[in-house]
Structures are given as C-alpha cells and as structure tokens.
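Please keep the sequence and the model at hand while reading.

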Amino acid sequence: MFDRRLVQCFDWGLLAITVLIAVFGLVTLYSASASGSQSILKTLYAKQLIWYGIGVAVMVCCFVFNYKLLDPWANVIYLACVGLLVAVLLFGKYVAGSRRWLMLGPISVQPSELIKIAIIIVLARYYSKEVNTTGFTLRELVIPLLLAAVPFLLIVRQPDLGTGLMLILIVGSMTLFIKIEKRSLMYLAGTGLVFVPMVWFFLKGYQKQRILTFLNPDRDPLGAGYHIIQSKIAIGSGMIFGKGFLEGTQNVLSFLPEQHTDFIFSVLAEEWGLFGTVSLLFLFFLLLAKGLSIAYKCRNPFGSILAVGITVMIFWQVLINTGMVMGLMPVVGIPLPFVSYGGSSIITMMIGIGILMNISMRRFVMD
Amino acid sequence: MNNYFKSADSNWFRQRLTGVLLFIVAAFAVLLVRLFYLQVIRGDEYRRLSESNCIRLQYISPQRGLIFDRNGELLVDNRPSFDLSIILKDARPLTQTLEKLSGYINVPVEQFAETITRNKSVPSYKPILLQADVGRDIMAAVQVHQYDLPGVEITVTPCRHYIYEQSAAHLIGYLGEINGEELRSGKFPETRGGDYIGRYGVEKIYESYLHGTGGGRQVEVNVRGQVVNVLKTVDAGQGHEVYLTIDSALQRKAETLLAGRAGAVVAMDPDTGEILAMASSPSFDQNEFVGGISKDQWRSLLSNPDKPLQNKTIQAVYPPASTYKIITAIAGLEEGIIDEHTEFTCYGSYKFGDRRFRCWRKQGHGALAVEEALSQSCDVFFYQLGQRLGVDKLAEYANRCGLGVKTGLHLENEESGLIPTSKWKKRKTGISWQAGETLSVAIGQGYNLVTPMQMAVFMAAVANGGNRPEPILVRRICSVNGDVLLENKPRIVDRLPFSKTTLDLVKKGLWQVVNGKTGTAKIAHLKDIEISGKTGTAQVFSHKSKDDRDDDLSDHLKPHAWFVAYAPSDHPRIAVSVIIEHGEHGASAAGPVARDLIQFYMGEQSAVSGQAS
C-alpha cells in the first residue's frame, strides 16, 4: 500500500507553511493566555499543544491512504457528520444558551466544524461527476442545495449563525467555481435579491443587532461596538514593529474580549505590529496559493475540486476573522485557522491540510 | 461526453483557478490596506489610546419598576445605595492605598485584602466592590481624601426600598442576588453578575416587567482612573410599574389587627375578585433582603414555628370547620334532602353507630331548620344532613364552590387544600370510607383542608350572587410613559351550584349569624353596617374523651378560629376571610378582626364617595 515514490513526492513546502502558521498561533496564544490573572487561560496554551498533537496524528491519517477512496465513501462521511449534528441538538452541552458541543468523555467536539470537510468531500464527488461546458442548470443544483441546506438548518438551530454562513460560503464558492449556466445564474441572483431581505425576519434579535451594529457601530457601544473599538486600538497601537512579545498592554489588561479565540489576531497585531500581521497574512496567502497549485497540478477531477474546496474554506475563515477584528465586517464567531484556540477548529484544519498533502503526493498517479 | 475533466484540454479549469487566485489577491490587498491604515496612518493615535488604556466600559444599573397600590399609593421604590469600590489598576501602590483607606474609614485592612483575593479573576481595570451601601460618614471620609486614594471610588446604584416594612411582604416579595446558573440559563437576558432579581411574590412573578434594562458608558479616563470624557452612553431603561389591587391602608389595618398572632386575612372585592388586602402573620421585613440577608437572619426566619416566610393566605391549609356548613346546607337544599322548613332535633349530641357525635352546645339546640342551624352553627343538624348526602355529594359541591382547588392567583406555591372523597381515601390509605367519617366532614372537620384564599373567593361568590371570581392581585402593568403592558380584567371561573332560592336562604342564615338574637357571631355586629358571615372553630387534634375541655389545652393545641363574611349584607362591597391560628373560638378571635376590617374599609369608601359628591 505504501509506495516509496510517495515519500519522495511528500509536499514539504505545504508542511513548512503549516508549521510556521501554527508556531505563529502558539506564540500568540501564549501571549494571550499569559495575560492578566485569569489562571484558567494559562492552561489553554498547553491544551492547544495537545490539540496540535492530535491534529498531527489526524493529518497523518489523512494522507497515508489514497484520497480517491474518499470518493466512494463521500456520502457515508457526509451522513455521519449530519448524524453528529442531529446528536448535538439532542444531547449537546449547553454553553451560554447554545448547543454546539458533543461531550465524548473528557473532550468536547464541535460537529459543525467537521461538517465543513464532509460537505467539501461530498460536493467534490458530485461536481467531478456532473461538470460540463455550459455549467450547471438549476435542476442540477437541487442536490448540492439540499446537501448544504440540511446541515445549515441544523447549525442555525444550535444556534450558530456564523458557522452556518461559513458553510453557505464554502458551498456557494465551490459551486460558482465549477460554473453555473448563465441563465440559471441570473435566476439565482434574482431570487437571492428577493429572498435575502426575507432572511432578516428569521434572524434572532441579537443577530439583527450585530448586523445593525456593524452598519452603525454607535448602536451598541457596550457590546460589539466596544469590542471593535478595543480591538482596533490593540491592532493600531502595534504600529509598525509592535510592542514586543508579552508587551501588549491592551491584551495584558484583558481589554480584549475573547482574546484567545476570535480576537487573537488583535493580540498578534499589538505585539508584533504591521511586521507580524503582514507576515502572518503572507503565510496564509502562501498556503492558499499552495492549495490552488495542488488543485492545478492534480490530474484527477475529484482531487482538484477537493483541493479547491479546502482552499476556499481556509480563505473565507481568514478573511472573515481578520476582517471582523479590523472592523471591516460584522462580529461573527469565526476562528482564525491554526491560530485561534479550539480543538475542533485545529482538527478540522489539520484534516484539510492532510487531504491537501494526500492530493499533492499522488498528483502524478493517474486513475 | 461533456465532462471537461475527461478531455485532454484542461485550460478551462486552469482559467478558473486563476480567477480564484485573483480574487484571493484582491481580498488580501484589502486586508493589507486596512492594516496599513490602522497600524501606520492611525498608529500613533491608537498607541496613545492604548498606553493610557483610557477607554473603559461602565455599567449603569437599571432602576427597578415601582409598585403601587390600587389607589396609586407608592409601596416600593428605589433609594440610592452608595457603594465603595476599588479599581486595582489605578490604586497603585495598592497596599499603601488600602492602609490609608482603612485608616480613614476604620475598617481593618485585612477585610479589604480578603475581598480583593476573592475577586482575583476580575480584570484589573474593573471595579471590585469593597462595601455596599456605606453610610454617609464613610462616603464623606472617602470623598474628602479622594486625592489620597487613587482608584478608590464611591458609586451610586439604585437599591430596592420597601416603604412600609413588613407590610404585604408575602405578596410583594423580595429580591436576591442572581446566581451563576440563572445567569447562564439565558432566562434573564437583562441581568449580569451581582444583579438582584425577584425571589418571591410579585417581585418574582413579574420579574421580566420590573427589572428594566441595564445601560452603560464608554468613558475615557486619565492615568489616575478619573473620567475625563464620556464617549458614548446607553441609558438604563427603568423597569415597568406594577399596580396592585390591594388597598394599602386596608392592608396595614389587617396587619395591625393580626399583630402578635399567627394567622391570615384576605379581603376581596366580591364583584371583581380584586384582592383588597392579603395579610399573613407573622411577617418579615423585606428590606433585610436588600443587599443580601445574613445567614443568622435567614435561619431565624426559617426556624420560627409561626413560619413568617409562609404566605398563610394561599400556602397554609386549615380545616374549614363550621364555615363548611354553608356548603353542606347548599348541597342539602339543592339535592332536595331538606327544604327551608325541614327540621332536625339537637339534643346536644348525635348517636351514629356505636359513636356519639357531640354538638358544640352541650344542652342542645332543640328542633331547628336550616336558616337557624346556620346561625347557631348546630353540629347535630349538619351531622344528619351530611349523613344523608354522603361524602361524595358533599365533595362535588365543595369543589364547585372552589374549595380544595387552586384559586388561580398569580403567586407561586398556592396549595390546593383537600376535599376528601371515598375514592380518594381508598387510593390514599387502602381503607374504605367509613360512614361515620362523613359526619365529621359535614361540619368541616376530618380530612377537609382549605386555604383562607379559597374561603374568601367562596364568600365573594356567595355575596355577588353566585359567580366565582378569579382572585386578582395585579391590576395592570404600565411602562414609565404610561403604556399599558398588561391588564388583568375580572374573570368568572365558575357559577356556584345553586338556585336563587337556595342562595337567598343561605344568605338569610349568614345574616342571622351576626345579626340574629342567637347568632354565633353577635360580637361582629355593627350598628351602621350589616355584616353577614359564618364562624368556625377548627380542631387541631381530635378529643380522646368527651371530658376534654379546650380550656386546659396548651396554646399550640388550641383550635384555629375562622370567620368568613361579607358586607354590607344587601349590597356587598367586601368579602373577608380571617383565620387566627390557635385563636380558639371563631367568634371571639376572628370575628372582631373581620368586623374592624369591614368597618375600616366601609369608612374609607364613604370618605371617598363623600369627597366625590
């Protein structure tokens, strides 16, 4: 099963980029958790290291077998993840009014993270079979639409609108990438324009508040408005070279809300300045470019689309998270890949990297 | 054969990948521009802001809604509480500041240190409460030495104030600090740690209306932690105003009449079911709960045998005793077992099987019909009537009259009481109903248990001609600008199960109780107001031998005294139910309470109408 040629083809570049980003993340997390007197946070750094350990193991599992095996198993993987989402709604643990976690012994899993990978696999399978010159017609899009709608509704019920929207973005951009028939695209755009305002009525009060707050930050000076102000002060005060490792005053004084998860980029920006933020963004850009190049080189349509899906997933998360902390986007709970604290997010990202490596290693193997 | 991947030319796919790459480049360019703007162009400005750490969030507590009585008299408001707190970040050097503070206000420094250790997880820029509700002397001392006490501040928060302490405590209720579990539950969206929420009574039931919404300020502070600029403010929203149905003066009158005794009084408007007074004695001071009640105080409230925390009007159950004879009479008349003229003879006791059931009057009442039997409360008459009706018929009438069922009052933990049936006993004890037990039940002893509220509602229904109203405690809830958010309209739960003739006859009997020559409650007679009512003496235990005399009993074994009434007899304006625990005789202990309460209320009413005309 294990071909020596595969070892020779191992994508060291991809591994290097990933390791660099992970180091960035761990250093920043150390900073964020060393802050203040919140002793619980002190263990977060250690916990994240453990997650990375598990992540590496999962990643290895994701490239030792031939990724083409994912094709026939796509539906099973998808259904299993949907099953987990249903289980969350039934047995999930309540944290601050929402049910997003499943307790498996001592660890808690967030199935809404795993479903991202599952839907990328199942769509890659569908699109690699059906794609044609003129693009998809509306009728051909019914299946992807259903595939996306089921987990979306389950996630929104938790409620976790941010992750739900992330799912829609992944599915939407994969579909657009594959091409939609012109007329169908116009229809879709048209109905979208009609229906999007209607979505407003389904949003919960606080979700509407967030959007309105984004449009006018003065609306909620005590909540999101305050967070954004503090985040902007933290980022801006980093200036060009930053205040230095562990020197971030905004962060140290716990001015930043959720500094170890959603707002971790602000901690980085404060301590390492423009130098640090640009470096991290550059690494992310390299990672994305690498992902696209793997898609480009892959000779198997399933593998290509899979690589594109994983790449867009990482892209949207980076864009939305950093855009949010810089005050470019509404505050939604989206973690920064490899950097934010959180086991499920790390595992999901490492699965993604594992699959990319898998595709990359087997790029010369024809079916 | 359209599948692109199957054709050799994959240019199409590559083109699309280029598109994606361009999109990503564009997106990253936007991020970079934004970073450049924040970190370079505005970097100096943000660096300055971050170094003084000057933007802080201050919480503004909401003003809890006010509570008024039916006449708009204020019962519960808020007073300012001056709280002493410290912001660690500003209080540098900390030990020195604490020592100085301790010297100025005479509080041992260890006490502060302890509070600070307990709040270790609070971020250093957030205030830690050292002492809530400090006196004027401490406030003055801190303010005078403010220059010497960096980071020490006195803040003003609204604090609940019950204007008439102990008055209506059971129905208004009290507050308690919200706990972590409640905070996490999401049921109290407007609260935050340290907030107080309703724990009992109206304060609890209408918490969502009363609480109000918290506000806050983004402020800019200087290095000493002093506010130099208010950036943005969100005002706190005041809680909504609750208008109770009670008449505050009447409530206090009822409480005075109960003073020193354990018992309960309910007064009700018979037409609307609005509760005019609802007193339970002994009571407690709700103000003691403001700012947290001490363990000792709480323990002493719990261990008091007279149960001051229990709302005896709805949570305590008593045998209805002779007041239940009204039910027996109604059932007998409606079932055609007796009519107006049917007479039974009382020789002081009634032999049933091998047991002798005594009448309260040893020498007997002689032959009497239902009206007189009610007015003299003859036990033997009702033994015989009850025996003919049977326990299940009696229970049917009692339930329809609202006894043994919850009245639906909007307060927590209302007891339903108990009206026994033969089925109930079989299920409960496994033993069949004994015919002799029906005799005790017919005069309101035995298993029967009712609440004072049930009796008040029943009296209200008799008084108004047979409509059993739902008791109402809150008339309406309004926002501060007067919008009505909730209005409780009078509602009829059921019709009492009797005809006009039966009602008239019963009412005549009840009139005789107070106004007749031989009535048992002559003591409640008033010259200018005609009262109708019924006494009751509820035994706490059953007499073992017929020689037992109540006089010899120790206090806690003495019977409870009941008096239920309405007035004026011809056009009732008020229905009353009174119970005095261990008061011995209904007439002597409970009668005067009801009488004085009615007199007070009618006096108040005529004063109001006098002013109006």
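## Model and confidence

The model is a predicted one, and the predictor assigns the complex an ipTM of 0.91 together with a pTM of 0.71. For chain B the mean pLDDT is 87, with 94% of the residues of chain B reaching 70 or more. Residues 543-550 of chain B have a pLDDT below 50, and this stretch has seven contacts in the model beyond near neighbours in sequence. Where pLDDT is low, the predicted coordinates should not be read in detail.

## Chain A

Chain A contains 14 helices and three strands. Of its 367 residues, 55% count as buried. Among the contacts in chain A with a separation of 6 or more, 75% are accounted for by residues 24 or more positions apart.

## The interface between chain A and chain B

The contact draws on 61 residues from chain A and 49 residues from chain B, and the area buried between the two chains is about 5,000 Å², with carbon and sulfur atoms giving 72% of that area. Across this interface the rule finds zero salt bridges, whereas it does find ten residue pairs in polar contact, with both residues at pLDDT 80 or more.

On the side of chain A that touches chain B, at least two residues each are supplied by helix 5 (111-130), helix 7 (161-178), helix 10 (224-237), helix 11 (249-252), helix 12 (264-297) and helix 13 (301-325) of chain A. The largest share of that side, 13 residues, comes from helix 12 of chain A. Sorted by class, the side of chain A that touches chain B has 35 nonpolar, 21 polar and five charged residues.

## Two buried loop residues of chain B

B:Phe498 is placed in the loop between strand 20 (492-495) and helix 19 (500-515) of chain B. Its relative accessibility is 10%, under the 20% limit, and B:Phe498 therefore counts as buried. Leaving out residues up to four places away in sequence, B:Phe498 touches B:Ile330, B:Glu334, B:Gly466 and B:Leu503. The C-alpha atom of B:Phe498 is separated by 34 Å from that of B:Leu257, a residue 241 residues apart from it along the chain.

B:Glu274 is found in another loop of chain B, between strand 11 (263-268) and strand 12 (275-281). Although its side chain belongs to the charged class, B:Glu274 is buried, with a relative accessible area of 7%. Its contacts, again without residues up to four places away in sequence, are with B:Arg70, B:Thr245, B:Ala267, B:Met268, B:Asp269, B:Ile472 and B:Arg475.

## Charged pairs

Side chains of opposite charge can pair when their charged atoms come close. Over all chains, the count by this rule comes to 25 salt bridges. One salt bridge joins B:Arg79 and B:Asp133, whose closest N and O atoms are 2.7 Å apart. This pair links distant parts of the chain, since B:Arg79 belongs to strand 3 (residues 74-87) of chain B while B:Asp133 is in the loop between strand 4 (127-131) and helix 5 (136-144) of chain B, 54 residues apart. B:Arg79 is partly exposed at a relative accessible area of 28%, and B:Asp133, at 36% relative accessibility, likewise counts as partly exposed.

The side chain of B:Lys500 meets that of B:Asp504 in a salt bridge, with an N to O distance of 3.0 Å. Because B:Lys500 and B:Asp504 are four residues apart in helix 19 of chain B, they are separated by about one helical turn.

Note on methods: Residues numbered from 1 in each chain as written. Chains lettered and ligands numbered in written order. Heavy atoms only, no water. Contact = heavy atoms within 4.5 Å. Buried area = accessible area lost by both parts, 1.4 Å probe. Salt bridge = Lys/Arg side-chain N within 4 Å of Asp/Glu carboxyl O. Polar contact = N/O pair within 3.5 Å; in protein donor to acceptor, adjacent residues only side chain to side chain. Buried < 20%, exposed > 50% of the residue type's maximum accessible area, 1.4 Å probe, protein only. pLDDT = per-residue confidence, 0-100.
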